[in-house]
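This report describes one protein chain, going from its overall dimensions to single residues. The sequence and the structure are shown first.

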Amino acid sequence: MKTLVLDAIHGGRPIAAAFVSRGDQVDLVDVYRGTGPVSVEEARTRTYDLIVAPVHLDPDHPLLKSATAPVISHHEAVRQLLGKNVPEIMVEITGARGKTTTAHALASVLPGPGILHTSSGTFRYPEKEFISRSSITPGSVMEAVRLARETRGWLIAEESLGLTGAGTLGVITSSGDYRFAAGKKSALLAKLASARSCQNLLLAEGITDNPKDTVVHLENAASCTGTECTISLGTANSRFTNPLIALPAYRDSLALAGTAAMMLGFDPFPLSTFTALTGRMEVRQEGGILVVDNANSGTNLSTTIDAAQYARNVSGSDAITLVIGQQEGDGAVCEGFAFDQMLAAIEAIRPAVLVWVGRFPEPGTPEHTALTSNISSRVATLEEGYTQAQQKTVQGSIVLAVKTWR
């Protein structure tokens, strides 16, 4: 079979290699940079039996618009390539926010050996040994599967913009939605469409769609009050407490992880000792100043406001130095932090000191006008922003709210 794989830089290479290993003739096209083994122009002159395209590619791209062969997504291709050659327990996690926290929380519950693959890295459990760092594109899942089978353990895989459906359980962590693929697709609808292939499915609160029969809606299984979470699933019941449940950024992730654990047959009680992840509402004291670190790939308007409120509650001071922005060149961040959302966060928080990271709004735009007079410093990276914040903060707290891959 002759197969065309599109997008060499977002997981296309391992997918192309897998098709080659099964005996296909494969052309790989880099549709974004215009380089690669085969150009767009060459591919348009050739005939294919199958086209594999990333879900985020503009549906009006010439190679899709003129396609005569069947077109499947990278997610679907990985499911077909893996077949039944997957770990006995394989959990796939996607969503606009909360993916990494949910994945780490669930990994803290599952017993025995396993592999955790997230945007913060790939780890071998129970040692929590760092193996490597790669993207969370569908193509990266194949290597994570290989590692899990090699260790004869479970796999938890964080994935962007959907699920392959190859595993035991799929989890969508958020009802948050946004436009992608040149603004022509809904991210939530794309994730739900991919979820139809899952054996079992867990959906975050607010997702009312029922893409398949074997689905659990979080609001029907878990309830959280204060620092306590209660989960009821069929005849099984469990309860655990954790101070992090009081934080909106952790409440849903811990409830999802606990419910997922019970769906897999495990008691979620170990979540009682789960601690904050680096860059995800992590609290520390440095030089007598409280720092709330919420700089990660899922940073957005709501988590930034939550982080500021958390900082004020813990420090007892209204004074905040806010480091905000999106680090440029961070290819792993698929879902941007729009200027209007950053401005809304700044207006809601009203920081004493404001440090901006990354690209600044263009002159003449409302965001540029609103921000220019309020910014204390502009820098390129999170590290530079944090250094500036430490130099400018004499009281209160520092909140790091930069969208970046950590």
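How many helices and strands does the secondary structure of the protein come to?

## Overall architecture

The secondary structure amounts to 13 helices and 23 strands. The model is predicted. Along the principal axes, the C-alpha atoms occupy a box of roughly 65 × 60 × 40 Å. The radius of gyration is 22 Å, which agrees with the value near 22 Å for a compact globule of 406 residues.

Of the 406 residues, 55% count as buried. Contacts between residues at least 6 apart in sequence are joined in 60% of cases by residues at least 24 apart.

An open sheet is built from eight strands in the order 8-7-6-9-5-10-13-14, with mixed pairing. Its edges are strand 8 (129-132) and strand 14 (215-217), each of which pairs on one side only. From one strand to the next, the twist averages 15°.

Within this order, strand 10 (residues 169-172) pairs with strand 13 (residues 201-203) in the parallel sense, over three bridges. Ile-172 has Leu-203 of strand 13 as its bridge partner. Helix 9 (residues 248-263) packs on the sheet and touches strand 10, strand 13 and strand 14. The direction of helix 9 makes about 160° with that of strand 13.

## Strand 20 and its partners

Strand 20 (residues 320-326) has six of its seven residues buried, so it is largely enclosed by the rest of the structure. Which strands pair with strand 20? One is strand 23 (residues 397-403), paired in the parallel sense over seven bridges. Another is strand 21 (residues 353-358), where the pairing is also parallel and runs over six bridges.

Bridge partners can be named for both pairings.

## Packing of helix 4 and helix 6

Two packed helices are described by the angle between their axes and the distance between the axes. For helix 4 (residues 74-82) and helix 6 (residues 138-151), the axes come within 8 Å and cross at roughly 25°. Helix 4 is therefore roughly parallel to helix 6, as angles under 35 degrees are counted that way.

On the helix 4 side, the contact is made by His-74, His-75, Val-78, Leu-81 and Leu-82. These meet Pro-138, Gly-139, Val-141, Met-142 and Val-145 of helix 6. By class, the residues of this contact are seven nonpolar, three polar and no charged.

## Backbone exceptions

Most residues other than glycine have a negative phi, and most peptide bonds are trans. Where does a cis peptide bond occur? It joins Tyr-125 and Pro-126, with omega about 10°. Pro-126 belongs to the loop between strand 7 (121-125) and strand 8.

A positive phi, near 55°, is found at Ala-181, a residue other than glycine. Ala-181 sits in the loop between strand 11 (179-180) and strand 12 (185-186). Is Ala-181 buried or exposed? Its relative accessibility is 4%, so Ala-181 counts as buried, the cut-off being under 20%. Met-281 also has a positive phi, near 60°. Met-281 lies in the loop between helix 9 and strand 18 (282-286), and is buried with a relative accessible area of 2%.

Note on methods: Residues are numbered from 1 along each chain as its sequence is written. This is a predicted model: local features need pLDDT of at least 70, side-chain atom pairs count only at pLDDT 80 or more; totals for chains, interfaces and linings use all residues. Side-chain values use heavy atoms; hydrogens and water are left out. Axes are lines fitted to C-alpha atoms, for helices over the stretch in contact, and angles run from 0 to 180 degrees between N-to-C directions. Helices (H or I, at least four residues) and strands (E, at least two) are DSSP runs, numbered from the N terminus. Angles under 35 degrees count as roughly parallel, over 145 as roughly antiparallel, 65 to 115 as roughly perpendicular and the rest as oblique. Contact means heavy atoms within 4.5 Å. Ala, Val, Leu, Ile, Met, Phe, Trp, Tyr, Cys and Pro count as nonpolar, Asp, Glu, Lys and Arg as charged, and the others, Gly among them, as polar. Two strands pair if DSSP finds at least two bridges between them. The radius of gyration is taken over C-alpha atoms; the globule rule is 2.2 Å times the number of residues to the power 0.38. Buried means under 20% relative accessible area, exposed over 50%, partly exposed in between (1.4 Å probe, protein chains only).
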